[in-house]
Structures are given as structure tokens and as C-alpha cells.
Amino acid sequence: MKQSVFGLVVALSLTACKEEPRGKMEPIPRPPGMKDAPPPAEAAPVVDAEPPVDPSKVVLRWKIAQGAPTSYRLDIERTGGASASTEEDAPPKSAKGKGKGKEKPAPVAAALPGPVTYFMERTDSGDYRLRVVPVGGNADADTATLSERGFVLDGLQGATRNIATLVLELPRDAVGTGDAWSLGTELIRTEALGPQFQAGQPERINRVKLASLTPADGGEQVATLEYDISENLAGKVLAKDAPPTSPARAAEEDAEADDSERPRPRATPESSASAEVRITGRGEFLVKAGRWRSWEGTVTSVTKGGFPTAALQVPTGALKLRLTAVESAPTPTAQPQQ
């Protein structure tokens with residue numbers, strides 16, 4: 001009897017193990033001829049929307065097509081002297097007009113003493129190239145490479161580079177009325193001051209402002225730019241030791257200086273010197289056409305004391321600049337020497 005009951009329990013246990021779990025769903029077979037459902041599409045990545053363009057701002061760029069160069073003539077009119085100096089720098093004069101002091105050599109003038117023509121073109125590779133050709137002279141043309149906004153990438157030196165930067169360089173970013181930016185000018189090169197000059201802290205202003213943006217015919221816009229750039233630098237010119245009259249006298253002076261602990265005599269005392277450069281200008285740029293309608297400015301440089309004029313990176317004196325568009329491309333007036 002016990003064996004029969006035990007066998008029945010085992011049989012029921014085996015039957016329960018073979019039953020399907022509760023809640024299991026059987027797949028429904030598809031009707032014949034029905035295609036499988038396409039796989040679910042992947043979610044597209046979320047891309048940040050670009051900020052809307054500010055309609056009150058414009059991007060100023062030169063628009064020069066290949067094979068269609070743009071040329072401007074820069075006229076330079078001298079309206080003031082080459083430089084100003086203090087009375088201490090003037091050569092001494094005797095009461096009777098005799099024994100005049102040795103006259104100082106005239107300062108070497110910077111480049112651009114006369115008008116030049118800027119010839120801008122776009123090469124086959126898409127780069128912008130500039131040639132600065134003197135008008136009616138024998139000098140060779142200076143060449144440079146430019147960015148699309150007129151920034152001098154390579155080439156040109158000194159005053160030639162600064163003036164080209166002044167009349168060709170445009171702002172990097174979009175600008176609106178009242179916005180201001182700076183130019184890549186270097187009006188005074190401190191490396192050319194020399195070891196005898198102890199320079200103080202320079203004072204610089206480098207500001208170009210979009211004064212107004214007005215509509216014109218044909219959907220054109222006229223951007224009026226105003227320029228205010230200046231640099232002041234003052235310092236002292238150190239005195240130089242007086243040269244000995246003879247080697248024997250030099251030994252005596254050294255011995256006297258050691259015995260009395262007095263400094264050796266100086267040929268000239270220390271003196272103060274300074275330079276001031278100021279540039280103002282106003283131009284009207286056609287935004288759609290990508291060119292100047294007009295540009296005028298002034299450059300004024302004044303030195304006092306024994307300031308090294310070689311450090312000035314603009315022409316000395318007072319100059320008036322005027323840019324005018326020309327139709328024909330300039331022809332170099334001089335050929336490179338063979």
C-alpha cells in the first residue's frame with residue numbers, strides 16, 4: 001500500500017514539472033505573404049542650433065574675384081615739418097658767428113615719402129596678394145600676402161607695412177554700430193632704440209570704430225569707420241663716457257677714479273627724449289561690393305630730445321593721406337637687378 005502511494009506522488013511530481021509556466025505568451029504566426037516589420041530607426045543625435053545672425057551686424061571683407069584685381073592710389077601730402085626738437089638739441093652758436101658747433105646729421109626719413117599704388121589680386125590658389133608700387137619712382141614694388149580681411153600675413157616692413165595695415169585691414173568679427181577693434185600696427189619699434197635709451201612705459205591707443213551703418217542703392221550698405229591710433233614713448237638718453245685723449249691719459253684717469261672713488265667724466269649729461277605718433281582717419285566701406293568708397297586720414301609724428309628716429313615706424317612730420325580707386329592695374333616702374 002505504501003509503495004503504491006509513493007509511486008503516485010512521484011508520478012504527479014513529474015507531470016507538474018512538464019507543465020508550461022503560467023503567464024507565458026505563445027507567438028502568433030504571421031499570415032502568409034506578409035513582410036517582416038522594419039527594424040526601429042536609431043534616434044538622430046541632438047545638434048545645437050547655430051545662434052541666429054544678428055541683422056544689426058555686418059562682416060567686412062574684401063571681395064576680389066580671380067582675374068579681376070582691385071587697385072587704389074594712396075596720395076601723401078606733407079603738411080608739416082619732418083620733426084620737432086627741443087632747443088637743447090640745436091647746434092650751439094657763438095655770439096660773433098664763429099666757432100659753430102658740429103651740425104647733427106638730418107634724421108633719416110621713413111619710407112613712403114610719396115604716393116604709391118596698392119594692387120590687390122586673388123591668385124589661382126585663392127590667396128590674396130598685394131603689390132605696393134611707388135608712383136613715378138625707380139624703386140621696386142614691395143609684395144605681401146594678405147588674408148581675406150586685409151591682414152598682412154607676410155611681407156612689407158616699417159612704415160610701408162603700417163600704412164598698408166591702416167588702409168587695408170578690416171575687423172576679424174562681425175561688427176555693429178558702435179563696436180570697436182584694433183589694428184596690427186607698430187608705430188614705435190623699441191628694439192631700434194639702442195642701448196643708450198632707457199624707455200619708460202609707452203602709452204598706446206589703438207581703436208577703430210564702426211560709427212554708422214547706412215543703406216544705399218541696390219541693397220548696398222555703407223559702413224563708416226573712424227580711426228584713432230596713437231603711441232607716446234618717453235625716456236632718457238644715457239650719457240656716454242668721454243673718450244680719452246691718449247692711452248696714457250686713459251690710465252691716469254682710471255687711477256684718479258680709483259683713488260678718489262669719483263666717476264669718470266662724461267662727454268654729455270643724461271637728457272630726456274620722447275616721441276609721439278598720432279593717426280586719425282575716416283573711411284566709407286561698401287559692405288556688399290567689398291571695397292572702399294572713400295578713405296582719408298592724417299599721420300603726425302613728433303620727436304623731442306635725442307630720440308632715435310630709426311625707431312619710428314611711420315614717416316616723420318605731418319602727412320595727409322587719401323585713398324582713391326583706380327581702374328587700370330599699375331605697372332612696376334623698375335625691374336629687379338639681374
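User: Does Asp173 count as buried, exposed or partly exposed, and at what relative accessibility?
Analyst: This is a predicted model, in which local features need pLDDT of at least 70 and side-chain atom pairs count only at pLDDT 80 or more, while totals for chains, interfaces and linings use all residues. Residues are numbered from 1 along each chain as its sequence is written, and side-chain values use heavy atoms, with hydrogens and water left out. Buried means under 20% relative accessible area, exposed over 50%, and partly exposed in between, for a 1.4 Å probe and protein chains only. Asp173 counts as partly exposed, at a relative accessibility of 46%.

User: At what N to O distance do the side chains of Arg172 and Asp173 meet in a salt bridge?
Analyst: A salt bridge is a side-chain nitrogen of Lys or Arg within 4 Å of a carboxyl oxygen of Asp or Glu. Arg172 counts as exposed at 59% relative accessibility. Its side chain meets that of Asp173 in a salt bridge with an N to O distance of 3.5 Å.

User: How many residues apart in sequence are the parts that Arg278 and Asp228 tie together?
Analyst: The side chains of Arg278 and Asp228 form a salt bridge at 3.3 Å, N to O. Strands (E, at least two residues) and helices (H or I, at least four) are DSSP runs numbered from the N terminus. Arg278 lies in strand 12 (residues 271-286) and Asp228 in strand 11 (residues 221-237), so the pair ties together parts whose separation in sequence is 50 residues.

User: Is Glu121 buried or exposed?
Analyst: The side chain of Glu121 meets that of Arg129 in a salt bridge of 2.4 Å, N to O. Arg129 is partly exposed, with a relative accessible area of 39%. Glu121, at 18% relative accessibility, counts as buried.

User: How many salt bridges does a search of the whole structure find?
Analyst: Side chains of opposite charge can pair when their charged atoms come close. Salt bridges also link Arg282, Glu284 and Arg293 in a network. Over the whole structure, the number of salt bridges found is 10.

User: Which residues is Ile76 in contact with, leaving aside its neighbours within four places in sequence?
Analyst: Ile76 lies in strand 2 (residues 70-78), and Ile76 is buried, with a relative accessible area of 16%. Contact means heavy atoms within 4.5 Å. Leaving aside neighbours within four places in sequence, the contacts of Ile76 are Leu112, Gly114, Leu319, Lys320 and Leu321.
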